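Take a look at the picture, then read on.

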Amino acid sequence: MKIYEPTGEYFTTLNFGKREVDWNKVHQYLRSNCHCIWAESDLESYVTVYGKEKDCIQAVVDDLKEYAEG
């Protein structure tokens with residue numbers, strides 16, 4: 001996890017590579033854990049999650065990793 005300098009928010013990027021991803025499911029994870037996050041994605045291979053609360057972002061990332069590996 002890193003700090004996004006312009007806003008001071010935490011962020012991390014998950015790279016799904018060439019795996020087939022259900023982006024509706026990804027959006028469910030993004031909406032379910034925190035109200036304080038925003039995300040950026042190319043809708044093909046990666047998602048970057050940003051937010052003020054480090055624990056919250058970590059929870060979202062952990063859920064997304066579990067989904068991607070399962």
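## The nonpolar core

Let's start on the inside: the largest nonpolar core has 16 residues, and L30, V47, V49 and L64 are those with the most contacts inside it. A nonpolar core here is a set of buried Ala, Val, Leu, Ile, Met, Phe, Trp, Tyr and Cys residues joined through side-chain atoms within 4.5 Å. Buried means under 20% relative accessible area, exposed means over 50%, and partly exposed is in between, using a 1.4 Å probe and protein chains only. At least two residues of this core come from each of α1, β4 (46–51) and α2 (54–69). The biggest giver is α2, with 6 residues. These element names come from DSSP runs, numbered from the N terminus: helices are H or I with at least four residues, strands are E with at least two.

Pick out L30 and you'll find it in contact with I37, A39, V47, V49, V60 and L64, leaving aside its neighbours within four places in sequence. Contact means heavy atoms within 4.5 Å.

## What kind of model this is

This is a predicted model, in which local features need pLDDT of at least 70 and side-chain atom pairs count only at pLDDT 80 or more, while totals for chains, interfaces and linings use all residues. Residues are numbered from 1 along each chain as its sequence is written, and side-chain values use heavy atoms, with hydrogens and water left out.

The pLDDT is the predictor's confidence in each residue, from 0 to 100. For this protein it averages 84, and 96% of the residues score at least 70. Among the elements, β1 has the highest mean pLDDT (93) and β3 the lowest (80).

## The sheet

Now for the strands: there is an open sheet of 4 of them, in the order β1-β2-β4-β3, with antiparallel pairing. Two strands pair if DSSP finds at least two bridges between them. The edges are β1 and β3, each pairing on one side only. From one strand to the next, the twist averages 35°. Helix α1 packs on this sheet, where it touches β3 and β4, and its direction makes about 15° with that of β4. For such angles, axes are lines fitted to C-alpha atoms (for helices, over the stretch in contact), and values run from 0 to 180 degrees between N-to-C directions.

Strand β4 is mostly covered, with 5 of its 6 residues buried. It pairs with β2 in the antiparallel sense over 6 bridges, and N15 stands opposite Y46 in β4. Strand β3 (residues 37–41) also runs antiparallel to β4, joined to it by 5 bridges; here S41 stands opposite V47. Between β3 and β4 lie the 4 residues of a hairpin, and L43 in the turn has a positive phi of about 60°.

## Two places to look at

T12 lies in strand β2 (residues 9–15), and its bridge partner in β4 is V49. Is T12 buried or exposed? T12 counts as buried because its relative accessible area is 15%. Leaving aside neighbours within four places in sequence, T12 is in contact with M1, V47, T48, V49, I57 and V61.

H27 sits in helix α1 (residues 23–32). With a relative accessible area of 34%, H27 is partly exposed. From C-alpha to C-alpha, H27 and A39 are 9.2 Å apart in space, and they are 12 residues apart in sequence.

## The aromatic rings

How many aromatic pairs does a search of the whole structure find? It finds 7. Rings of Phe, Tyr and Trp (its six-membered ring) pair if their centres lie within 6.5 Å; planes under 30 degrees apart count as stacked, over 60 as edge-to-face, and the rest as tilted.

Y50 is buried, at 6% relative accessible area. Y4, F11, W38 and Y50 form one aromatic cluster.
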